[in-house]
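Thanks for coming, everyone. Please bring the model up on your screens, and we will walk through it together.

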Amino acid sequence: MNDILPGEVETWQFMEETARRVFKAYGFAEIRVPVVEKTELFKRSIGETTDIVEKEMYTFNDRSDNSLTLRPEGTAPVMRAYCEHKLYALDAVSKLYYLGPMFRYERPQKGRYRQFHQIGAEAIGVADPKIDAQILAMLTHFFAEAEIPDISLQINSLGCPACRPAYREQLIAALESQLEHLCADCQRRFRTNPLRVIDCKVPGCQSATQNAPAIIEHLCPECDDHFATVNRLLKEMEIPFTVNPRMVRGLDYYTRTTFEMVTNSLGAQNAVAAGGRYDGLIREIGGPDQPGIGFAMGLERLVLLKGQSSVAPQRPELFVAALGAEAGDWGFLLAAKLQRLGISVELDYAGKSLKSQMRRADKLQARHVLIVGEDEIRSGTAQLKNMDAGTQSPIALDRIETTLPKILSGEFTP
Ligand code: HAM
């Protein structure tokens with residue numbers, strides 16, 4: 001679990017602001033849900049045999065002996081809220097986004113943490129493949145706006161309860177013949193969660209499952225049509241993508257379209273964003289039979305790809321370097337007035353020497369420094385230094401509250 005310090009946080013804020021701006025264009029509104037839910041919600045939605053539920057949840061009993069879990073993801077809590085507040089009664093389509101911390105007890109490494117942050121979006125109520133294409137357009141749009149290099153979109157279809165069971169049986173049979181070549185994890189789960197085996201990153205499992213049947217070749221006609229339309233719409237929108245028939249997601253609620261935004265720059269953690277359709281999930285957790293589709297992006301991974309401190313920290317517009325008690329008070333009150341106007345002003349609090357104040361102004365990368373001492377107060381004129389241009393000019397103190405904001409905003413040069 002990490003602290004996010006000033007200097008890094010600007011890149012986080014940039015991602016959050018970019019997401020808010022882009023998502024708004026597609027009609028998504030923010031929803032905020034608690035970080036804890038009843039454990040049962042995650043078991044039912046994510047699936048009992050998934051890695052998340054089997055070994056990664058932070059689960060505890062509260063004082064009333066309810067089993068609670070720190071949310072490992074955002075989809076299930078958002079669906080719980082959708083049902084609880086009957087959002088389906090307000091509009092046939094609910095488009096919601098969220099951002100915040102998620103918790104998984106995973107082995108930490110680059111790009112993988114125990115508390116991490118997601119920006120996610122969910123569109124509920126639409127079965128038509130247009131929404132799949134729109135979600136993917138929004139995701140691609142976000143990555144373009146955030147200027148994240150070297151990523152690509154991969155899509156797949158996981159079928160539906162009509163076609164997946166038959167495929168699953170075929171897959172189990174194929175895996176059984178390769179059992180001795182599979183890793184211990186896959187030998188254990190090949191019956192309970194055979195789809196995960198073809199997605200396993202262990203090289204032995206990858207080669208052993210090379211010729212295993214691919215689900216997109218075993219889709220029912222409805223799923224096949226759905227997937228074909230998503231493919232066609234993406235092409236018509238000129239969104240680059242590849243079909244990856246081996247992509248299986250680590251959560252059980254997916255049906256039909258699934259996708260990942262992948263990169264080669266984060267080692268084993270190659271998915272920066274991931275999601276898919278979950279048509280049976282809302283009914284499964286006791287809500288109405290509404291289809292849904294969504295994704296979540298890992299904020300840590302976005303920031304790693306963008307570069308930790310690629311977004312410049314805020315620079316103060318003005319540093320007031322005051323010398324002596326009287327000028328110190330005068331400078332403090334001037335700063336207060338300018339700050340109330342929304343101008344960022346820094347000042348010295350400790351009665352330091354001019355040299356030391358100038359050093360701090362430099363360190364903070366203040367754009368201007370106002371130098372004022374007892375003499376300047378008496379004469380009514382101080383010096384204003386433009387730190388970028390390296391120029392210095394006199395400024396009259398009697399009208400400074402009106403002239404200074406104009407100078408700082410570049411409206412006129414002294
Ligand atoms: P997920 O694939 O488990 O999907 O997570 C989505 C993204 O969260 C990943 O692609 C990754 O960027 C980030 N992530 C996951 N685990 C970690 C970790 N331990 N450390 C850092 N980043 C991590 C979901 O969570 C689904 N709820 C997505 C979704 C929304 N599907 C439909 N709607």
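Let me start with a question. Which residue in S11 is the bridge partner of Gln118? It is Gly298. Keep in mind that this is a predicted model.

Now the strands around that pair. S6 and S11 run antiparallel to each other, with 7 bridges between them. They sit in an open sheet of 8 strands. Read the order with me: S1-S5-S6-S11-S10-S9-S7-S8. The pairing in this sheet is mixed. At the edges are strand S1, residues 29-30, and strand S8, residues 242-243. Each of those pairs on one side only. As background, strands of a sheet pair through backbone hydrogen bonds, either parallel or antiparallel.

Next, the ligand. There are 27 residues around it, and Glu73, Glu106, Glu122, Arg249 and Tyr254 come nearest. Which strand gives the most to the shell around the ligand? That is S10, with 6 residues. Strand S6 (115-124), strand S10 (271-277) and strand S11 (292-298) each supply at least two residues of that shell.

Look at some atom pairs here. Gln118 comes back: an N or O atom in its side chain is 3.0 Å from an oxygen atom of the ligand. The side chain of Tyr254 has an N or O atom 2.6 Å from a ligand nitrogen. Tyr113 uses its backbone instead, with an N or O atom 2.9 Å from a nitrogen of the ligand. How much of the ligand does the protein bury? Alone, the ligand exposes 660 Å², and 96% of that is buried by the protein.

Stay on S10 for a moment. Arg277 belongs to this strand. Is Arg277 buried or exposed? Its relative accessibility is 0%, so Arg277 counts as buried. A polar atom of the Arg277 side chain lies 3.4 Å from the backbone oxygen of Ala127.

On to the cores. The largest nonpolar core has 93 residues. Phe23, Phe142, Phe143 and Met297 touch the most other members. Helix H5, residues 129-145, contributes the largest share, 8 residues. Now zoom in on Phe23. Beyond its neighbours within four places in sequence, Phe23 contacts several residues, including Phe28, Tyr97, Met138, Phe295 and Met297. There is also a second, separate core, with 20 residues. Among them are Leu334, Val372, Leu384 and Leu404.

Leu404 takes us to helix H16, residues 400-408. Its buried residues are Ile400, Thr403, Leu404, Pro405, Ile407 and Leu408. What do they pack against? The partners are strand S12 (318-322), helix H13 (325-340), strand S14 (368-372), strand S15 (381-386) and strand S16 (391-396). Just past the helix, Gly410 has a positive phi of about 85°.

One last stop: strands S2, S3 and S4. S2 covers residues 36-38 and S4 covers residues 67-70. The two pair in the antiparallel sense, over 3 bridges. S3, residues 59-61, also pairs antiparallel with S4 over 3 bridges. Now find Thr69 in S4. Glu37 stands opposite Thr69, and Thr69 is also the bridge partner of Thr59. S3 and S4 form a hairpin, with 5 residues between them. In that turn, Asp65 takes a positive phi of about 70°.

That is the tour. Over to you for questions.

Methods
Residues numbered from 1 in each chain as written. Predicted model: local features only at pLDDT ≥ 70, side-chain atom pairs only at ≥ 80, totals over all residues. Heavy atoms only, no water. Pairing = 2+ DSSP bridges. Helix = DSSP H or I, 4+ residues; strand = E, 2+ residues; numbered from the N terminus. Core = buried A, V, L, I, M, F, W, Y, C linked by side-chain atoms within 4.5 Å. Buried < 20%, exposed > 50% of the residue type's maximum accessible area, 1.4 Å probe, protein only. Contact = heavy atoms within 4.5 Å. Near = heavy atom within 4 Å. Polar contact = N/O pair within 3.5 Å; in protein donor to acceptor, adjacent residues only side chain to side chain. Areas by Shrake-Rupley, 256 points an atom, 1.4 Å probe, with all protein chains shown as cover.
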